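Welcome, and please open your viewer.

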Amino acid sequence: MAKVESFQLDHRLVKAPYVRLAGTENDTKGSLVQKFDLRLLQPNTSAVPTGALHTLEHLLATYMRDELTGVIDISPMGCRTGFYLIIWNEHKPSEIATALKNSLEKVLTTTVVPAVSPVSCGNYKDHSLFGAKEYAKIVLDAGISDDPFQRHIPEGIQ
């Protein structure tokens, strides 16, 4: 059976919120893709409700692309404690943490959620902008660490 990186992580030891490099893939032509764990909440202690998580997914899909070049995808974790970011080229966790902070700050001032219609969303009725803002505040108030095991808030994102 294949080993899944996130299943090897001891979720009891991490200290959310944080950004963690979860994997790097290189192809034979030299292309590099990175996967980041954007953990908003402490695993096994709380979870973002689906409406708020869905809205955060729509907003981060837009705002993280405004902040970073090469975003391939940003997807919610099934445990509802964060997101996975897939991105081209090499990035440092502190760079991703800064982009996440800036994106969550934009969430706080958002008045319209993009792509909330039966044409552009597979579950357009399950959104909560209020909830997304509440969880963005929780993460911003805690600060986003660039180390999953020790709280370290990079300069400039406090």
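Helices (H or I, at least four residues) and strands (E, at least two) are DSSP runs, numbered from the N terminus. The model is a predicted one, so local features need pLDDT of at least 70, side-chain atom pairs count only at pLDDT 80 or more, and totals for chains, interfaces and linings use all residues. Residue numbers start from 1 along each chain as its sequence is written, and side-chain values use heavy atoms, with hydrogens and water left out.

Select P17 to begin. P17 lies in the loop between α1 (5-8) and β1 (18-26).

Next, go to R80, in the loop between β3 (71-76) and β4 (82-88). R80 is not a glycine, yet its phi is positive, near 65°.

Move on to N89, which sits in the loop between β4 and α3 (93-109). Here too is a positive phi in a residue other than glycine, near 70°. N89 has 49% relative accessibility and counts as partly exposed.

Most residues other than glycine have a negative phi, and most peptide bonds are trans.

For the last stop, show the side chains of K35 and Y84. The charged end of K35 sits over the ring of Y84, 4.3 Å from the ring centre; this term asks for NZ of Lys or CZ of Arg within 6 Å of the ring centre and within 35 degrees of the ring normal.

Technical notes:
Buried < 20%, exposed > 50% of the residue type's maximum accessible area, 1.4 Å probe, protein only.
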